[in-house]
Amino acid sequence: MMYLAPRQGLFAIIVLVSFCLQTLLLIISTDQQLSNSRALKGEQMVAQLIDEARLSLENKDRVSLSVIANRYTSEQDVARLVIKDNDDTILVPVGNAPMQQGDTIEQIATKGDAVIGSVALTLKDISKGEIITMQWPFVIGSLFLHLLLWVAYGYIARPTKAQINALSHKIDDIHRQKYVNDTVRRTRQPSDDFNDHDPRSEKIDSTDKSMIPSHSAVTKAESTGAAINTAVIHNELNAYLKSQQSGGGLEESVASSDKDQVPDAATADPLASIGSATQKANSNKLSAARSFDSVSVQIKFHDEYKMMERLAPEMRMPYLALCTQLLDQALSELLQQPLLLGVSATNKPYFDENGAQVILKADNSHAKVALAGVMLGKLYLMLNKIIHDKHIELARFALPAKAGVSDSAQSDAMTQLLKSVGKKEQMLILLPSAALRQIANHVQVHNLSRPTTVYERECAVFEGANDAMIQRLADVRNAVLMTGNE
């Protein structure tokens, strides 16, 4: 006969509470990450909007402001956008914030020292249902794992045959002793009553002692009663076991009868260790506040048809040497810029079939190493496009490129992102918040659409740069090409 583990219902409640707490913590952490990402994106959008609408805002051109505002409200994270003039009069209200509330980012627009207006951007609240939908593989996996723990506990903690036999002997002894006591009490009770009510009890007692059962009669009644009540004892045993499964008394009863057969606290330790090991399983999520002192710039070939593998060595090696020379000259010219004072390269980059990697470090706390990495990646993409177009015009082999900029801790993650979501002539950026603030005044980025992993959600795509940055990159590009011609 198969018996269930003790307190299996209580363990099921504990497992359910554990699953609910784990899911709640997942929702809270994901909500916090998404909130920080959206807040940073909102600040960048407001700054960019003010730059675009400064002239229209100064002239109070409502039509131009409406066209500009509509482009920003098309973003799925934007609920409402309000543009006001310097008198706090609403010029353009766009969106449906009363239907979808959220955090509002407000910034004053200035021209020189004069205030020409303000912009208020409202971001939508993050839905908990969207978070669960986004993380459904983790939720389903966690539920399956908790169910597996509950089944494993029911199999491992159920009573063994030795424990059931020890408990059976204990209950058998209890019932046998109870039956003997009842038999002796029923045998003696008629004699006592007769002596109390009959005045001739002394005579009857002296002439007929056969009414008092002897020791042999009691022993015979004990053996007979034990044989008759065997079935009753087994029925009581089954009922007792079922009551212990819900009440938790199985181990206590066995412990009182036979300590050698009793499972001690170590029996539950394997289950506890399995549960603790399972709860410690975690996913490697990014920390937006992580520190960085170096930046990795990866440049990969966009080789959709694996042409590099099929290329003969006598053609592949000169092409890789050309790319290496181009990258060395771009790095040398770029680091001479006064804006990037204090930034240096820690390795000598070279191209192979997998591309090239440049490690930049900050020699002091004021060095803009993140900006240097972004500028280097964009500069090489500009140079490679010129070289690629020229090679295609001359019917020679060439490949487009894509770049990725990340802190050194996320270099492997950036390699996977370039392989999975990187596109031709595109630059991906995976940097912490401090680095993003360092480049925010010079370049514009946007997030990947429909991310499927935490790295894709944190990754940004280079979208453009301000006029000063574009002019500076163009000057460096021309200097590199002039150096190559010489």
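Biologist: How many bridges join E5 to E7, and which way do the two strands run?
Modeller: Strand E5 (residues 294-301) and strand E7 (residues 356-362) are joined by six bridges and run antiparallel. Two strands count as paired if DSSP finds at least two bridges between them. Helices (H or I, at least four residues) and strands (E, at least two) are DSSP runs numbered from the N terminus.

Biologist: Where do the coordinates come from?
Modeller: This is a predicted model, with local features needing pLDDT of at least 70 and side-chain atom pairs pLDDT 80 or more, while totals for chains, interfaces and linings use all residues. Residues are numbered from 1 along each chain as its sequence is written, and side-chain values use heavy atoms, leaving out hydrogens and water.

Biologist: Back to E7. Which residue there is the bridge partner of Gln298?
Modeller: Gln357 is the bridge partner of Gln298.

Biologist: What is the strand order in that sheet?
Modeller: The sheet is open, has seven strands in the order E6-E7-E5-E8-E9-E11-E10, and its pairing is mixed. Strand E6 (343-345) and strand E10 (443-447) are at the edges with a single partner strand each, so one side of each has no neighbour in the sheet. On average, neighbouring strands of this sheet are turned by 30° against each other, direction ignored.

Biologist: Which helix packs on the sheet, touching E8 and E9?
Modeller: Helix H14 (residues 411-420) does, touching E5, E7, strand E8 (401-407) and strand E9 (427-430). The direction of H14 makes about 155° with that of E8. Contact means heavy atoms within 4.5 Å; axes are lines fitted to C-alpha atoms, for helices over the stretch in contact, with angles from 0 to 180 degrees between N-to-C directions.

Biologist: Other sheet. What is the order of its four strands?
Modeller: E2-E1-E4-E3, open, with antiparallel pairing. Strand E2 (90-95) and strand E3 (104-111) are the edge strands, each pairing on one side only. The twist from one strand to the next averages 15°.

Biologist: What sits between E1 and E2?
Modeller: Four residues, and the two strands form a hairpin. Asp88 in the turn has a positive phi of about 65°. Strand E1 (residues 78-85) and E2 pair over five bridges, antiparallel. Pro93 in E2 is the bridge partner of Val82, and Lys84 stands opposite Ile90 in E2.

Biologist: How do H1 and H2 pack?
Modeller: At an angle of about 165°, with axes 9 Å apart. H1 and H2 are therefore roughly antiparallel; the classes are roughly parallel under 35 degrees, roughly antiparallel over 145, roughly perpendicular from 65 to 115, and oblique for the rest. The contact includes Met45 and Leu49 of H1 and Leu65 and Ile68 of H2. H2 (residues 62-73) also lies across E1 and E2, at about 25° to E2.

Biologist: And how do the axes of H12 and H13 cross?
Modeller: The axes of helix H12 (residues 313-334) and helix H13 (residues 369-393) come within 10 Å and cross at roughly 140°. That makes H12 oblique to H13. Among the residues that meet are Tyr319 and Leu322 in H12 and Met375 and Leu379 in H13.

Biologist: How many aromatic pairs are there?
Modeller: Five in the whole structure. Phe11 and Tyr153 have ring centres 4.2 Å apart and planes at 20°, so the pair is stacked. Phe11 is in H1 and Tyr153 in helix H4 (residues 136-156), 142 residues apart. Rings of Phe, Tyr and Trp (its six-membered ring) pair with centres within 6.5 Å; planes under 30 degrees apart are stacked, over 60 edge-to-face, the rest tilted.
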